[in-house]
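Please look through the sequence and the structure shown below before turning to the notes, which are meant to be read with both at hand.

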Amino acid sequence: MAKDNDDGATTRSGARRPVVTLRDVAKAAGVGLATASRALDPASRYVTDDARLRVHDAATKLGYRPNSSARATTTGATPTIAMVVSDIRDPYNAQLVHGAINAARHRGLMVTISGTEHAADDEVRVIRMLRSQRPLALVLAGARGGTNTSHAALLRELERYERDGGRIVVAGEDELPFDTAIVPRREGARLLITSLAELGYRSVALIRPNGDSSGVRSWETGIAEGARQTGVHVDHVAHLRDVPMSREGGYAAATELLSARRADVDALVAATDTMALGAMSAMRTIGLVPGTDIGVAGFDDVVDADDVTPGLTSVNLALEAIGAAVVDMATSVPAEQRRAQQFEARITVRASTPPRG
């Protein structure tokens, strides 16, 4: 239950301001004292979203500050959303986290971030450590690889956390049995190939990280669907040397591709914007002009793609909205059935893929 604060502030003249109590907040919000307490307790599941919002608005206007230490002692949970991402340097994850932080702020919650370097085994280790800190909810935002054994270990650890009263939400693929805000990679990739076909591109080569993950599989599935619908030929470059999902990885992959490039390949399509920017640098190194000699498209639209030269064609995945949605799911009244929320992808065509004659 939320506790009243007892550390009334002082004015500039030294006079002590009256302490704002939980009863004051309840009266301003038009709810009972018990409802106000539950609404301000992030671990409480038994309050409507409308009541929670009214109570938080009233608390903000009145300057009420619940005693977080007392609340954690009483409920066993801390007022935090713990986000587990695959790479904290990736602008993709920065967009997700930004959306989550904005949504959490309005609920009196903090967001913490942990990185796992795309490894399911590391994800298990991080989640085991986070369980001891008792966050209100865990948000899994990484594109994970790993073996069946590591995935089974991950699921066991998550189920233990859930049995202890925690909430779990996934921002990514619809692959785990928890509430999920689905990142529209598959549909975005299909739309990208469709858009390139409409611009006159007929043969594309893929730049992707060397490694299996649910995110990469969704992206490649969407690429294949778009190719079947439009007749665009796709070179599936799945066996390059170990290529990280980074600008350096895009540079290395493009260098290798272009050194043995078939004459009919007219565009490079990268799994992320950062890899696409690396590919553009590799093209310049060998004397090619991106967008003129060969088209380039990225994916996720998170690196100020319209500020590079040429502007990078990319796929906006609504990542900030997804970040906000996972917080909404984590703090709303639990549903009896697992929820999966869909989002729309949007293609932005820029100068890196001009129309072809």
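This is a predicted model: local features need pLDDT of at least 70, side-chain atom pairs count only at pLDDT 80 or more; totals for chains, interfaces and linings use all residues.

Of the 357 residues in the protein, 54% are buried. Among contacts between residues at least 6 apart in sequence, 74% join residues that are at least 24 apart.

**The six-stranded sheet**

- Six strands, in the order E2-E1-E3-E4-E5-E11, form an open sheet in which the pairing is parallel, and its edge strands, E2 (110-115) and E11 (340-341), each pair on one side only.
- Strand E1 (residues 78-85) runs parallel to E2 and is joined to E2 by six bridges, and within this part of the sheet Met83 stands opposite Ile113 in E2.
- Helix H5 lies across both E1 and E2, and its direction makes an angle of about 165 degrees with that of E1.

**The four-stranded sheet**

- A further open sheet is formed by four strands in the order E7-E6-E8-E9, again with parallel pairing. Strands E7 (233-235) and E9 (295-297) stand at the edges with a single partner strand each, so one side of each has no neighbour in the sheet. From one strand to the next, the twist averages 25 degrees.
- Strand E6 (residues 203-207) pairs with E7 in the parallel sense over three bridges, and the bridge partner of Ser203 in E7 is His233.
- E6 is also joined to E8 by four bridges, the two strands running parallel, and here Ile207 has Ala270 in E8 as its bridge partner.
- E8 pairs with E9 in the parallel sense over three bridges, and Ala267 stands opposite Gly295 in E9.
- Along E8, Ala267 and Val269 point one way while Leu268 and Ala270 point the other way, and all of these residues are buried.

**Helices lying across the four-stranded sheet**

- Helix H9 (residues 214-230) lies across E6, E7 and strand E8 (267-270), and runs at about 180 degrees to E6.
- Helix H10 (residues 247-259) lies across E6 and E8, and runs at about 140 degrees to E6.

**The contact of H5 with H12**

- The axes of helix H5 (residues 91-105) and helix H12 (residues 319-331) come within 7 Å and cross at roughly 45 degrees; the two helices are therefore oblique to each other, and their crossing is right-handed.
- On the H5 side, the residues that take part are Tyr92, Gln95, Leu96, His98, Gly99, Ala100, Ala103 and Ala104, and they meet Leu319, Glu320, Ile322, Gly323, Ala324 and Val327 in H12. By class, this contact has nine nonpolar, four polar and one charged residues.

**The surroundings of Arg185**

- Arg185 is placed in helix H8 (residues 185-198), and this arginine counts as buried because its relative accessibility is 9%, where the cut-off is under 20%.
- Leaving aside residues up to four places away in sequence, Arg185 touches Tyr92, Gly172, Glu173, Gly215, Ser218, Trp219, Phe299 and Leu317.
- Among these neighbours of Arg185 is Tyr92, a residue of H5 that also takes part in the contact with H12.

Methods:
Residues are numbered from 1 along each chain as its sequence is written. Side-chain values use heavy atoms; hydrogens and water are left out. Axes are lines fitted to C-alpha atoms, for helices over the stretch in contact, and angles run from 0 to 180 degrees between N-to-C directions. Angles under 35 degrees count as roughly parallel, over 145 as roughly antiparallel, 65 to 115 as roughly perpendicular and the rest as oblique. A crossing is left-handed if the near helix is turned anticlockwise from the far one by less than a right angle, and right-handed if clockwise. Contact means heavy atoms within 4.5 Å. Ala, Val, Leu, Ile, Met, Phe, Trp, Tyr, Cys and Pro count as nonpolar, Asp, Glu, Lys and Arg as charged, and the others, Gly among them, as polar. Two strands pair if DSSP finds at least two bridges between them. Buried means under 20% relative accessible area, exposed over 50%, partly exposed in between (1.4 Å probe, protein chains only).
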